[in-house]
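User: I have a model open and would like to go through it. Can you take my questions as they come?

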Amino acid sequence: MILYDGWFYNFRELIKTRGEKMRDLSRFKIRLEEMREILKSRLKVIEGEGPRYAGSEEVDIANYMNEMDSLYREKEECERTLKRVEKALKRFEKGTYGLCVDCGKEISEERLEVVPFAERCIECEKKINKVGRK
Ligand SMILES: [Zn+2]
């Protein structure tokens with residue numbers, strides 16, 4: 001095991017000196033493609049069905065409005081996420097996936113596990129949130 005680790009370390013150093021990415025991020029691509037399909041089909045359902053409007057009572061109108069509201073919000077959320085997923089897939093094509101769009105540093109795989117479409121490293125994301133909150 002120690003031998004294997006040593007070999008792996010050397011291999012990594014070798015790749016590093018050649019200036020290549022040694023991270024295998026292909027699993028995130030698969031996940032992003034899955035997410036894209038799920039989001040697209042969900043959007044189709046939202047756009048196709050719309051809320052069920054079953055009556056003319058005032059209560060029903062209130063329900064209808066609520067349903068419209070939550071559907072609209074879900075649609076927005078789906079569209080926003082879908083855009084981010086598609087952007088992330090484009091970065092795969094360009095070979096810049098997993099690199100922060102602001103500072104160019106590698107985004108940690110732990111972060112990508114949680115947010116596979118993350119555009120920024122945690123440091124830059126924090127900066128943006130600070131600015132946004134002002
Ligand atoms: Zn960054």
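Predicted model: local features only at pLDDT ≥ 70, side-chain atom pairs only at ≥ 80, totals over all residues.

User: What does the secondary structure come to?
Analyst: The protein has five helices and zero strands. From the N terminus on, the order is α-α-α-α-α.

User: Where is confidence lowest, and where is it highest?
Analyst: Helix α1 (residues 2–17) is lowest, at a mean pLDDT of 55, and helix α4 (residues 109–114) is highest, at 95. Over the protein the average is 83, and 74% of the residues score at least 70.

User: OK, α2. How many residues does it have, and how far does it reach?
Analyst: Helix α2 covers residues 26–49, which is 24 residues. From first C-alpha to last it reaches 35 Å, close to the 34 Å expected at 1.5 Å a residue.

User: Which residues in α2 are buried?
Analyst: Phe 28, Leu 32 and Leu 39 are buried there.

User: And what do those three pack into?
Analyst: They belong to the largest nonpolar core, which has eleven residues in all.

User: What does Cys 121 touch?
Analyst: Leaving out residues up to four places away in sequence, Cys 121 touches Cys 100, Cys 103, Lys 105 and Ile 107.

User: How much of the protein is buried?
Analyst: Of its 134 residues, 10% count as buried.

User: Switching to Glu 109. Where is it found?
Analyst: Glu 109 is in helix α4. Glu 109 and Phe 28 are 81 residues apart in sequence, but 9.5 Å apart in space, C-alpha to C-alpha.

User: Why does Glu 109 count as partly exposed?
Analyst: Because 14 other C-beta atoms lie within 10 Å of Glu 109; buried takes 20 or more, and exposed means 12 or fewer.

Notes:
Residues numbered from 1 in each chain as written. Helix = DSSP H or I, 4+ residues; strand = E, 2+ residues; numbered from the N terminus. Expected span 1.5 Å × (residues − 1). Core = buried A, V, L, I, M, F, W, Y, C linked by C-beta atoms within 7 Å. Contact = placed C-beta atoms within 7 Å. pLDDT = per-residue confidence, 0-100.
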